[in-house]
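Biologist: I am new to this one and would like to go through it step by step. Please show it first, and then I will ask.

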Amino acid sequence: MERGGEKQKTVKGSDVVIEHVRKSFGEFKALDDVSIGIRKGEFFSLLGPSGCGKTTLLRIIAGFESPEGGAVLLDGRDVLGQPPDARHVNTVFQNYALFPHLTVFENVAFSMRLRKAPESEVKARVAEYLQLVELQAHASKKPAQLSGGQKQRVAIARALINEPSVLLLDEPLSALDAKLRQHMLIELDSIHDKIGITFIYVTHDQQEALSVSDRIAVMNAGEVLQVGTPQEIYEAPATDFVAKFIGETNLFEADVASVSGETVELRTDGFGPVKVTATEPPPVGSRVSWTIRPEKIRIGLEEPRSARNGINAVAGVVDEPIYSGFQSKFYVRAPSGLVLKVIKQHADWSDEGPEIAWKDAVWLSFSAEDAYIVEVKR
Amino acid sequence: MNRPGDRAGGGALGSVREPGGLYAAPATLWLTVFFLAPLAIIVAYSFLTPGARGGVEWTPTLDAYRAIANPTFAKVTLNTILVAIGATAVTLVIALPCGYYMARSERQTLLLMLVMIPFWTNFLIRIYAWIAILGNEGFLNDLLRALGLVDESVRFLYNRGAVMLVLVYTYLPYAILPLYSTIDKFDFSLLEAARDLGASKLGAIVRVLLPNVKGGILTAFLFTFIPIFGAYAVPLLVGGTESYMLGNLIADELTKSRDWPLASAISLVITLVTTIGVLLLLRANGASTLGGPAGEASADGAAPEPAVGGAR
């Protein structure tokens, strides 16, 4: 999927500002002082494991829950006092929540019927939105006659026909199988490009969030841990949790041995000295956590020729190779017993490297530029 | 249901076919002995001559049906229809919010118990309890006098209002239970979806909840309307002359006038009115959706036989 500036997007919709929102259910703190700023027309994801508060936050924006404190501003206006039907936001529900007694056409037409829109306008608009989700042929069917993907599209059309300034999507793809999920994701992205309004997308699937979002807020236990672009979240996770939750990673603790510019040399517990990058280097002697992504590690049978400045080399033994078609994953055990995950893309014609098998003694190398300090522990 | 695969099996399998009829035998027997046979007897009696001390003589006549065609009978029928429709409507209006509340409550078992507790006391005792409450020297009048709100007893009993009140009280659980069980299956996120799309609270209920629980509403209607239409004990005990109902007329014909053919003819009228009414309702509802969510037509397509004319 292409991201970035080359597409001419019409930016519509509202900006959504969430300020110090708090919500608990009994003893359980669902949201603990959450503040997020979402820009006009942005595809914004709330990402986190189940129970992290992301759906509660969405329901507060929609008006189904009221927080104990804080504010939700749509285009600068606080909407917390307004009931759901007064807010110019619409929701695509996790279970679709299509009205079983109404046809696809009437489901999509629901909000226009409430507004008592003239019949000719209803017909034209419903046709337009059914076309957007490619369901013209199914207008007279009941929801029970549709497949999961089709139900999803009806739910999207029904929510969009109102021309909301913000579309809220509550794990909309979780009920679909993996292939369909990919397909719907691409479609959602293209609908977002066409309509141009703000999308707030709740998901626990980091892959989904990374592939379509302009920005992501990673949440856990009622708190926002990091807000950033998919690249920022993936490449520079703000906390151990973010590093572990997004993609696969190697996360270890170490002590800072020396600092030169943005390069920090760590005294690791199991790999000897390792050079990593830190934009704000912690003082020498700090205990830190550091990370290197598995695909940023090079695996080979020979010791890397130049122990160049900034290249780390670690020796180990392949504990477990896992073949998965387009790539292989290796669990490599260092002499200290620590295990590093390595992902190797499968060779094209230019790669003449030898096959790496179970029990092989291997050398791992990675650049200091790809390894980061995540958290400073003390 | 036909399973084509069984046919191809041939041999030993082929001889064992369609055991459904056998399995249904107890139900068929039950219906025949306790429903169809009595109905046939009533139909037959209605065309016979009354015996001198009850019973019938085997001389065919249409006298019973001629006797029905008189203004008194028309007046009682009209009153019965009015009371039945009125009491059923009031019952449903009360039962709907009750069923909704029960379905949404976290203490469903407790509430279910509370709805059923009245059944632990005999039906007649509960009617006498109402008499004790509403009578001229009853609890309510004592209270009103003690508070100085009235000087003389208010006559609450022995009118159509009292009959309606006690009927509503009696049949409320029969309406609440099917409504509760249907609403309990309702997906409440649909209400949120409706609110999200711009419906008010009431709008969401009317446009989304009611159409999706109409099967339960229909069941509740049948469970209350049919027995109320054949009510006997309630109008007898708390009603006056003007709240005389068809059930009372039948009892009088049987016990006082000893005109069994006429009693049979009247009860056939009740059967006919309720059956036609039920069929019309089912047809208007599209299919037999008793109890189940709307739009889910049952496989056999046959409407369940309503329990007609249960005079209490």
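**Questions on a predicted model**

Biologist: Where in chain B does M116(B) sit, by helix?

Modeller: This is a predicted model. Residues 108-116 of chain B form a helix, and M116(B) has its place there. The helix is α7.

Biologist: Is M116(B) buried or partly exposed?

Modeller: Buried would require under 20% relative accessible area, and exposed over 50%. The relative accessibility of M116(B) is 36%, so the residue counts as partly exposed.

Biologist: M116(B) belongs to a nonpolar patch on the surface; what accessible area does the patch have?

Modeller: The patch is formed by L110(B), M113(B), L114(B), M116(B), I117(B), F119(B) and W120(B). Together their accessible area is about 690 Å².

Biologist: How many salt bridges are there over all chains?

Modeller: Side chains of opposite charge can pair when their charged atoms come close. The cut-off used here is a nitrogen of Lys or Arg within 4 Å of a carboxyl oxygen of Asp or Glu. A search of the whole structure with it gives 27.

Biologist: R215(A) and E42(A) make one salt bridge; how many residues apart in sequence are the parts it ties together?

Modeller: The N to O distance between the two side chains is 2.5 Å. R215(A) is in strand β9 of chain A, while E42(A) is in the loop between β2 and β3, so the pair ties together parts of the chain that are 173 residues apart.

Biologist: Are R215(A) and E42(A) buried or exposed?

Modeller: The limit for buried is under 20% relative accessible area. Both R215(A) and E42(A) are buried.

Biologist: Which residues are linked with R287(A) in a network of salt bridges?

Modeller: R287(A) forms a salt bridge with D255(A), with the closest N and O atoms 3.4 Å apart. That pair links strand β14 to strand β11 of chain A, 32 residues apart. R287(A) is buried at 13% relative accessible area, and D255(A) is buried at 19%. The residues linked in the network with R287(A) are D240(A), E253(A), D255(A), E375(A) and K377(A).

Biologist: How many disulfides does the structure hold over all chains?

Modeller: A disulfide is a covalent bond between the sulfur atoms of two cysteines. Among the cysteines, C52(A) is buried at 1% relative accessible area, and C98(B) is partly exposed at 29%. The number of disulfides over all chains is zero.

Technical notes. Residues numbered from 1 in each chain as written. Chains lettered and ligands numbered in written order. Predicted model: local features only at pLDDT ≥ 70, side-chain atom pairs only at ≥ 80, totals over all residues. Heavy atoms only, no water. Patch = residues over 30% accessible without salt bridge, like charges linked within 9 Å, V, L, I, M, F, W, Y side chains within 5 Å. Areas by Shrake-Rupley, 256 points an atom, 1.4 Å probe, with all protein chains shown as cover. Helix = DSSP H or I, 4+ residues; strand = E, 2+ residues; numbered from the N terminus. Buried < 20%, exposed > 50% of the residue type's maximum accessible area, 1.4 Å probe, protein only. Disulfide = S-S within 2.5 Å.
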